[in-house]
Amino acid sequence: MAPEQSRPPSSGFYPARILVADDEPRLLTSLAALLRRRNFDVTEAGSGREACDQLTDQSFDLALLDLNMPDTDGFAVMEKIARLQPDCGVIVVSGESSFSTVSRALRRGALDYIRKPFDPEELLATVESVLGKQSLIKAHELIQTRLEKSEALHRYIVNSSPDIVFMLDKTGHICFINNKVESLLGYQPAELCGEHFRVILDDRDVARGTYALRGPDISADNPRTLEVRLKTRGNSKATRHFEITAFPVDPQSWPQTGVTLGGSTRQPARYYGIARDVTERKEAEAFINFQAYHDLLTRLPNRALFKDRLELAITQARRSEQKLAVMFLDLDRFKVVNDTLGHAMGDRLLQAVTHRLEKCLRRGDTLSRFGGDEFTLLLPSIHSPEDARGIAKKLIQALKDPFQLGNHEVFVGVSIGIAVFPDAGNTMDQLIQNADIAMYHVKARGKDGYRFFTDSMSIDTAHRLSLERDLRLALERDELRVHYQPQVCSRTNQVVGLEALVRWQHPERGLLYPADFLPLAEETRLIGKLSERVLDQACRDVGRWINSGHPTLRLAVNLSPSQVEHPRFVETLLERVRAHRFPARNLEIEITENVIMSDLEQISRKLKELADTGVRIAIDDFGTGYSSLNYLHRLPIHTLKVDQSFVKAIRSGEDGACIVNAIVAMAHGLKLEIVAEGVETDDQLSYLKSLGCHQVQGFFYGPARPAADISRLLRRDGLAFASTA
Ligand SMILES: Nc1nc2c(ncn2[C@@H]2O[C@@H]3COP(=O)(O)O[C@H]4[C@@H](O)[C@H](n5cnc6c(=O)[nH]c(N)nc65)O[C@@H]4COP(=O)(O)O[C@H]3[C@H]2O)c(=O)[nH]1
């Protein structure tokens with residue numbers, strides 16, 4: 001008999017439930033008693049059918065079955081167990097001991113076989129061994145299930161990460177990479193495992209990326225963070241920006257460093273990292289950065305970026321003792337287009353202008369939009385000012401052809417001031433300001449041209465501000481004066497005309513000449529008012545002289561480019577002339593070639609209108625501008641004024657003298673009158689006379705003088721000048 005003992009160790013927290021089935025009542029009772037003494041929870045079944053009924057009612061850990069039972073044998077019960085309670089183990093306790101029966105029972109799932117009559121100890125040992133195995137299998141299955149769940153959870157966490165998670169071996173080959181790499185870069189994780197991680201690094205970042213992991217001090221607490229571009233699959237040009245955080249795997253926190261992952265690499269994982277897609281942030285940063293330093297309409301660098309580049313270029317030029325040029329460009333007639341066609345057209349024009357200007361430049365040059373219709377250009381290393389001159393001519397030429405804006409064909413020009421480092425300024429602000437000043441000198445002299453800054457143009461800023469204020473006051477306080485320079489016929493020494501030249505009687509600085517304030521007047525748009533005053537005064541003075549016995553006396557007035565461009569130029573001029581009852585045929589307006597060429601069509605219409613009323617038209621400084629002869633016979637021009645530079649050349653016998661010959665010959669051919677300016681010497685006068693150029697103006701006959709002097713002259717000598725000359 002089995003000794004009375006405590007519960008078997010394999011039964012866990014509750015006694016194992018055992019079904020015992022045998023058709024021999026005595027054997028059944030003794031077997032049950034034996035097991036109960038070991039604290040098993042025993043259910044007895046006196047037949048196979050009864051055993052089957054029990055199996056439908058309750059569950060068991062183990063069944064001890066006799067094979068030979070009359071109605072339902074042990075095999076049938078085993079079948080039912082396999083179907084209803086597959087976890088229930090089976091031990092056959094049978095008198096049958098033939099090999100075939102034993103083997104059949106084992107094939108049907110019996111875990112052991114005990115032959116009757118059995119030894120109680122042996123039976124109990126078998127029961128406990130089977131129950132022990134059963135509980136081990138169950139525990140194993142439980143752990144297996146938990147592991148699978150845990151693995152699934154971690155896989156889910158890693159693959160659902162918004163970042164790419166990866167592990168590398170010590171040489172940088174990818175041991176593991178999560179699925180995120182597919183949605184962000186288009187690669188399958190499997191195709192990257194085993195590859196070196198540089199295969200996805202953008203070429204520009206390979207050196208930085210591969211070097212990054214080599215630091216001696218990086219760890220999980222001190223990871224290496226760097227921004228790199230990663231290539232997307234299939235198109236090596238398309239990259240995305242990532243912030244990578246990586247560190248060596250700590251053997252203490254993950255002792256599995258010796259284990260390879262995924263079987264695709266021979267080396268164990270040594271680095272852990274995550275790569276966060278920061279493309280949108282980078283793009284937003286790039287856009288904000290672009291906005292801060294660029295003009296969004298033209299996409300050109302703005303004032304801030306231009307100044308930054310200029311500062312840098314000055315430092316470099318200083319170090320290498322080279323020159324650089326700063327140009328200030330102001331569009332001519334932009335305002336007219338903007339005002340008449342609207343801002344949208346104005347914007348399109350600025351874009352088109354930018355496009356043409358950019359085509360004239362080299363890679364290192366910086367063209368920037370300084371504001372409105374103003375641009376600045378930096379030519380960082382030039383050999384001589386001639387290089388800048390070449391570019392300026394190219395820029396002017398580039399804007400010559402009309403711009404097509406919808407149905408409108410518009411013309412703009414550009415006035416360019418040039419300041420060359422170091423002669424025209426040592427600092428960034430000086431260079432920009434001086435280029436600006438030079439530009440206004442272009443504007444004041446007819447626009448659509450270029451000029452280099454010279455010291456004589458300079459007006460420092462404080463001076464400039466006070467001058468501007470003074471100029472406004474001068475208009476209010478009537479400080480402007482008109483002086484008249486006689487135009488004399490050298491054959492008769494008769495005064496044929498008077499050129500009105502503005503002066504400013506400054507309360508502190510004395511008499512100022514146009515060069516001192518006209519550019520500023522142009523810049524501050526006071527030029528319009530100033531010109532009106534001059535015209536009014538001149539009409540009054542010369543009108544008086546005409547009426548006092550000099551009916552043929554001609555008044556020559558200079559007109560500023562902005563005056564001529566004004567849409568109401570003709571009406572305004574005629575209104576003033578009529579208001580003073582000044583005879584139109586005695587008026588000659590002087591304009592430069594540049595003004596004409598700026599918009600040939602418009603200007604020619606205006607000049608024809610004026611000429612129809614009797615007003616004469618003279619081309620001032622002839623020979624210094626375009627000298628495109630084409631317009632001469634298309635416009636109602638009466639007089640050519642030979643620029644003083646050519647007259648000066650007569651004395652020294654330079655080429656200029658030949659130009660005078662040519663201009664005079666041409667004027668004769670075209671039946672135009674000709675006036676030579678700046679005649680100072682007898683030689684010049686004789687030479688001009690010999691060419692047949694008889695109308696002259698210059699210090700030879702006297703400078704421009706106040707009206708009172710002219711009145712005296714006319715009273716004393718009539719129109720004859722003989723006594724003075
Ligand atoms: N070296 C030398 N110079 C001589 C001689 N004879 C005359 N000049 C100067 O030469 C300039 C001739 O005028 P411009 O070419 O029309 O050039 C003028 C004209 O373009 C402009 N200007 C003068 N008054 C007015 C005005 O009322 N309105 C406008 N828009 N411009 C004016 O300012 C320019 C300079 O005027 P100014 O300083 O008065 O200078 C005048 C005159 O004083 C000479 O023999 N030798």
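Among contacts in the protein chain between residues at least 6 apart in sequence, 63% join residues at least 24 apart, where two residues are in contact if their C-beta atoms, placed from the backbone, lie within 7 Å. What we are looking at is a predicted model, so local features need pLDDT of at least 70 and side-chain atom pairs count only at pLDDT 80 or more, while totals for chains, interfaces and linings use all residues. Residues are numbered from 1 along each chain as its sequence is written.

The protein chain has 25 helices and 27 strands; these are DSSP runs, helices being H or I with at least four residues and strands being E with at least two, numbered from the N terminus. Of its 725 residues, 36% count as buried, and by that I mean that 20 or more other C-beta atoms lie within 10 Å of the residue's own, whereas an exposed residue has 12 or fewer and a partly exposed one is in between, with C-beta atoms placed from the backbone.

Let me turn to helix α12, residues 343-358, which has 16 residues and reaches 22 Å from its first C-alpha to its last, close to the 22 Å expected, the expected span being 1.5 Å times one less than the number of residues. G346, L349, L350, V353 and L357 of α12 are buried, and because these buried residues fall within an arc of 100° when seen down the helix axis, they line one face of the helix; the arc is that of the directions from the axis to the C-beta atoms. On the other side of α12, A344 and H355 are exposed.

Next comes the ligand, which is surrounded by 24 residues, the closest being V502, P514, N558, G698 and F699; a residue counts as near if its C-beta atom, placed from the backbone, lies within 6 Å of the molecule. At least two residues of this shell come from each of β19 (494-506), α16 (514-523), α17 (527-547) and β23 (616-622), and α16 gives the most, with 3 residues.

F166 has I177 in β7 as its bridge partner, and 4 residues lie between the two strands, with G172 in the turn having a positive phi of about 95°.

Finally, E121 sits in helix α5, residues 120-159, and counts as exposed because it has 12 C-beta neighbours inside 10 Å.

How values were computed
Two strands pair if DSSP finds at least two bridges between them.
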